[in-house]
Amino acid sequence: MTTAQPLDVQPTPLALLLLGRDADPKSERGVECPGDLPAPSDPDLVERARAAKERLGERVFVLGHHYQRDEVIQFADVTGDSFKLARDAAARPQAEYIVFCGVHFMAESADILTTDDQQVVLPDLAAGCSMADMATAEQVAECWDVLTDAGIADRTVPVSYMNSSADIKAFTGRHGGTICTSSNAARALDWAFQQGEKVLFLPDQHLGRNTAVRDMGMSLDDCVVYNPHRPNGGLTAEELRAAKMILWRGHCSVHGRFSLDSVRDVRSRIPDVNVLVHPECRHEVVQAADQVGSTEYIIKTLEAAPAGSSWAIGTELNLVRRLANRHSDKTVVFLDKTVCFCSTMNRIDLPHLVWALESLADGKPVNRIRVDPETERYAKQALEQMLALP
């Protein structure tokens with residue numbers, strides 16, 4: 001019998017980024033923490049977090065995204081989706097520090113909407129968003145040049161999903177567009193088509209397609225996908241001129257993994273199951289589901305559901321587990337058999353939170369997120385246009 005030898009596998013650049021052990025200047029993900037994190041095995045972590053938060057008092061406001069771990073959520077002053085949390089931060093001008101337990105683009109949005117006197121802190125700079133990373137400022141500028149060459153840029157309105165970097169939000173503001181969330185995407189598109197003939201939807205193709213086809217009555221033929229890694233986005237000028245929706249080739253690594261087979265499998269296993277999915281899922285999954293909606297919609301639907309009902313939820317696993325525990329009178333399962341957390345969101349753990357809070361309590365702020373004034377100006381224009389949507 002021979003003994004298997006360990007494989008000589010080198011970590012890829014992406015793997016190093018996810019581990020927070022490298023940096024990519026073209027990515028919104030950051031680098032590893034410069035300080036010494038407490039050990040995950042430290043039995044006093046919960047007490048240390050509580051003590052540091054008490055020392056800070058009203059000087060700190062902790063935000064927790066729905067997809068965060070329970071160990072982190074317990075210290076959040078408010079929970080919610082990305083835009084709700086950014087607005088909650090703006091509504092607390094007396095808080096000197098905003099600790100955002102989420103990902104990089106969310107902390108950027110909070111910095112844009114809060115005052116100059118407030119400091120937004122992200123406990124781990126490597127907590128980024130793969131979807132947001134799929135559209136860089138350089139790529140989007142090149143896309144706009146392609147639309148200009150095709151003679152349609154002046155008739156195209158950019159609509160960018162909240163899950164985008166500050167640079168992309170600023171691009172949207174500069175070109176007279178708006179930001180949207182998964183709950184108001186249809187209103188944003190309706191507004192955009194009153195301003196122009198076409199929409200450039202960034203960066204999630206699935207939310208754009210699902211909203212256009214499912215909610216607004218367009219056809220799949222009205223949509224084309226712009227691939228930033230191919231010349232001219234992989235599209236001809238004629239295809240661009242014929243399209244109503246120009247969808248960026250981006251997706252959520254969590255929601256994009258759900259498949260039609262996942263839906264069929266859960267229906268075969270659980271009688272009378274209600275399939276409830278997020279609109280970032282693929283179009284065929286959304287078409288096969290019973291209900292589709294934002295994170296807040298999913299939460300409210302489960303709250304209103306009758307006891308004894310069964311639900312298969314197509315969204316991030318931390319939230320699904322929390323809903324299952326909260327609604328023990330119902331059957332709540334994850335849509336896919338394979339466990340799938342948001343890997344970058346999951347980087348915010350108790351050791352990172354303790355380190356961030358203790359550093360603030362010691363008067364040594366860490367991991368501050370700052371958006372430069374010009375980017376902030378135009379990004380804020382796009383965000384304010386969203387707030388003004390009818």
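Me: How many bridges join β7 to strand β9?
Reply: In this predicted model, β7 and strand β9 (residues 245–248) run parallel. Within this pairing, Leu 200 stands opposite Ile 246 in β9. The number of bridges joining β7 to β9 is three.

Me: Which residue of β7 is the bridge partner of Val 159?
Reply: Strand β5 (residues 156–161) pairs with β7 in the parallel sense, over five bridges. In β7, the bridge partner of Val 159 is Phe 201.

Me: Is β7 largely enclosed or largely open, and how many of its residues are buried?
Reply: Lys 198, Leu 200 and Leu 202 point one way from the strand, while Val 199 and Phe 201 point the other way. Both sets are buried. β7 is therefore largely enclosed by the rest of the structure, and the count of buried residues is five of five.

Me: Which peptide bond is cis, with omega near -20°?
Reply: Pro 203 lies in the loop between β7 (198–202) and α10 (205–215). The cis bond with omega near -20° runs from Leu 202 to Pro 203.

Me: Is His 65 buried or exposed, and what is its relative accessible area?
Reply: His 65 lies in strand β1 (residues 60–65). Leaving aside neighbours within four places in sequence, its contacts include Ile 73, Asp 81, Leu 85, Cys 101, Met 106 and Met 345. Buried means under 20% relative accessible area. His 65 is buried because its relative accessible area is 5%.

Me: How are helices α5 and α17 oriented to each other?
Reply: Two packed helices are described by the angle between their axes and the distance between the axes. Helix α5 (residues 104–113) and helix α17 (residues 373–387) pack with their axes 10 Å apart, at an angle of about 95°. Angles of 65 to 115 degrees count as roughly perpendicular. α5 and α17 are therefore roughly perpendicular.

Me: Which residues of α5 and α17 make the contact, and how many of them are charged?
Reply: From α5 come Asp 111, Ile 112 and Leu 113. From α17 come Glu 376, Ala 379, Lys 380 and Leu 383. By class, the contact has four nonpolar residues and no polar ones, and the number of charged residues is three.

Me: Is Asn 232 buried, partly exposed or exposed?
Reply: Asn 232 is not a glycine, yet has a positive phi of about 55°. The residue lies in the loop between β8 (223–226) and α11 (237–242). With a relative accessible area of 45%, Asn 232 is partly exposed.

Me: Is Asp 272 buried or exposed?
Reply: Asp 272 lies in the loop between α12 (260–269) and β10 (274–277). Phi is positive here as well, near 60°, in a residue other than glycine. Exposed means over 50% relative accessible area. At 74%, Asp 272 therefore counts as exposed.

Me: Which residue in β12 is the bridge partner of Val 275?
Reply: β10 and strand β12 (residues 310–314) pair in the parallel sense over four bridges. In β12, the partner of Val 275 is Ala 312.

Definitions and conventions: Residues numbered from 1 in each chain as written. Predicted model: local features only at pLDDT ≥ 70, side-chain atom pairs only at ≥ 80, totals over all residues. Heavy atoms only, no water. Helix = DSSP H or I, 4+ residues; strand = E, 2+ residues; numbered from the N terminus. Buried < 20%, exposed > 50% of the residue type's maximum accessible area, 1.4 Å probe, protein only. Contact = heavy atoms within 4.5 Å. Axes fitted to C-alpha atoms, helices over the stretch in contact; angles between N-to-C directions. Parallel < 35°, antiparallel > 145°, perpendicular 65-115°, else oblique. Nonpolar A, V, L, I, M, F, W, Y, C, P; charged D, E, K, R; others polar. Pairing = 2+ DSSP bridges.
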